[in-house]
Amino acid sequence: MTGPILSAKGVTKRFGSRIACRGVSFDLWPGEVLGVVGESGSGKTTLLNCLAGRLVPDEGRVAYETASIGTVDVHQLSEARRRLLARTEWGFVHQDAREGLRMGASAGANIGERLMAIGTRHYGEIRGKASDWLSRVEIDLDRLDDRPTAYSGGMRQRLQIARNLVSDPRLVFMDEPTGGLDVSVQARLLDLLRGLVDSFHLSAVLVTHDLGVARLLTHRLMVMQGGEVVEAGLTDQVLDDPQHAYTQMLVASILPV
Amino acid sequence: MTDGGYNYAYLDEQTKRMIRRAILKAVAVPGYQVPFGGREMPLPYGWGTGGIQVTAAIIGRDDTLKVIDQGADDTTNAVSIRRFFARVADVATTTRTEEATVIQTRHRVPETPLQDGQILVFQVPIPEPLRMLEPRETETRTLHALSEYGVMQVSLYESIARHGRIAKTYNYPVLVNGRYIMSPSPIPKFDNPKLDRNPALQLYGAGREKRIYAVPPHTPVKSLDFDDHPFEIERWTECCALCGSTESFLDEMIVDDAGKRRFICSDTDYCQERQEEQRR
């Protein structure tokens with residue numbers, strides 16, 4: 001592989017006269033995890049949705065290097081192709097697991113859905129893969145037939161990750177995957193994510209407001225304020241030596257323990 | 001014209017035209033749900049308003065109509081609809097499957113094989129097979145348009161995970177002509193194989209939801225399943241208590257207070273014909 005797996009150029013999204021994000025450009029390289037940090041309302045999630053083709057930006061373009069057919073413009077693709085991409089080569093981990101899971105179906109069915117969607121029609125095989133993934137995300141196998149409604153918040157989040165990774169995606173979008181979880185559960189989830197990203201050589205865009213999460217998981221960081229990227233660079237560099245006043249404020253406002 | 005102030009076959013000519021256009025489109029795209037401007041009919045939703053509108057749009061004076069409800073010709077619903085068309089459309093009615101040109105049905109496909117030129121009209125309560133899995137109509141339409149049918153398979157997976165087999169016994173989803181997933185209306189899955197490459201035209205009318213869809217003659221209809229859990233139909237250890245058939249769909253009846261049971265063909269015409277043959 002030679003080029004970046006995902007490349008954004010001047011992505012701008014307005015809601016009416018309000019600007020959610022303006023002129024965001026970056027390259028994401030294979031195997032790299034890019035963090036997007038900033039306070040609430042700074043346009044992080046809007047940017048993520050634009051990148052993943054869930055929102056259409058008003059300006060700019062997002063190019064994705066597919067596994068088979070070369071580079072495509074995410075927003076020029078037909079809806080059918082984009083949705084196919086989204087459930088095979090991509091993953092999307094929502095902050096609220098209820099958005100990313102089928103709450104009325106068992107954990108096994110949740111994990112198996114992508115397999116069935118791409119044509120797997122062997123129950124035993126689907127179930128085998130579902131069990132495999134359940135144990136990879138450290139959930140007891142006797143919970144395979146339970147619905148996510150019977151799961152705790154941390155387990156739901158891990159189930160959501162398993163559901164996304166079962167199709168061997170190359171690129172995962174994560175929107176505050178650890179939001180709303182208590183710290184010990186967060187720590188476990190972060191450990192798990194770090195392991196999975198490493199072992200599957202995943203590329204990822206991770207949106208978070210938690211600088212600790214960003215430090216642990218990401219290689220590079222973009223700091224957003226009021227819809228614009230105010231600082232970007234290697235994670236350690238940005239966090240240890242913030243240049244922009246807003247980043248300095250962010251770093252300074254981490255609560256000391 | 002036939003009965004006081006009513007137009008032939010109850011609906012006015014423009015309405016029948018509109019329904020025929022929907023039917024033509026439905027036949028052209030097998031399994032696709034075509035919206036139509038469903039009319040208020042002189043019976044409540046759930047009693048066959050969809051089927052009755054389809055029948056009204058296609059029926060003519062030289063047709064012979066049969067109406068069945070759960071396989072029976074003599075239930076209230078079947079009798080009323082048959083009498084309705086005899087009155088407003090001046091058609092001959094019959095209970096014999098072979099004699100009928102139009103068969104309106106609720107919940108069954110006749111046991112007697114259908115022929116070229118016959119039309120089977122189904123009454124459909126919920127036309128959308130994905131409804132229970134995906135409540136958003138906009139989303140189900142997209143899923144059909146892009147043939148994203150993973151979610152349907154999810155429901156079958158769930159059934160096996162919970163019951164050890166696909167426990168759905170009626171309204172069993174089918175794939176029509178390799179393209180659209182269709183609800184066959186609440187017929188028992190016993191009848192699903194009869195839909196496949198049937199020489200008769202199958203029309204499905206949903207009155208409340210105002211949808212018409214169709215399976216043209218000789219169109220492949222496949223019941224969904226898993227490779228290691230193939231589709232199977234119901235089997236009985238008993239035979240029909242009246243005609244002795246071992247090949248028909250049997251209703252279980254409790255016949256006394258001690259819980260004594262009998263199994264009887266649900267298709268009354270098929271059962272009677274067999275009994276008459278045996279008496280001869």
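In chain A, residue A:K9 has A:R61 of strand β4(A) as its bridge partner. The model is predicted, so local features need pLDDT of at least 70 and side-chain atom pairs pLDDT 80 or more, while totals for chains, interfaces and linings use all residues. Residues are numbered from 1 along each chain as its sequence is written, and chains are lettered from A and ligands numbered from 1 in the order in which they are written.

**Sheet in chain A**
- Strands β1 (residues 6-15) and β4 (residues 59-65) of chain A run antiparallel and are joined by five bridges.
- Strands are DSSP runs of E with at least two residues, helices are runs of H or I with at least four, and both are numbered from the N terminus; two strands pair if DSSP finds at least two bridges between them.
- Four strands of chain A form an open sheet in the order β2-β1-β4-β5, with antiparallel pairing.
- Its edge strands, β2 (18-28) and β5 (71-73) of chain A, each pair on one side only.

**Helices in chain B**
- The axes of helix α1 (residues 13-28) and helix α2 (residues 49-58) of chain B come within 9 Å and cross at roughly 100 degrees.
- Axes are lines fitted to C-alpha atoms, for helices over the stretch in contact, and angles between N-to-C directions run from 0 to 180 degrees.
- In α1(B), B:K16, B:I19, B:R20 and B:I23 meet B:Q53, B:V54, B:A56 and B:A57 of α2(B); contact requires C-beta atoms, placed from the backbone, to lie within 7 Å.

How values were computed
Contact = placed C-beta atoms within 7 Å.
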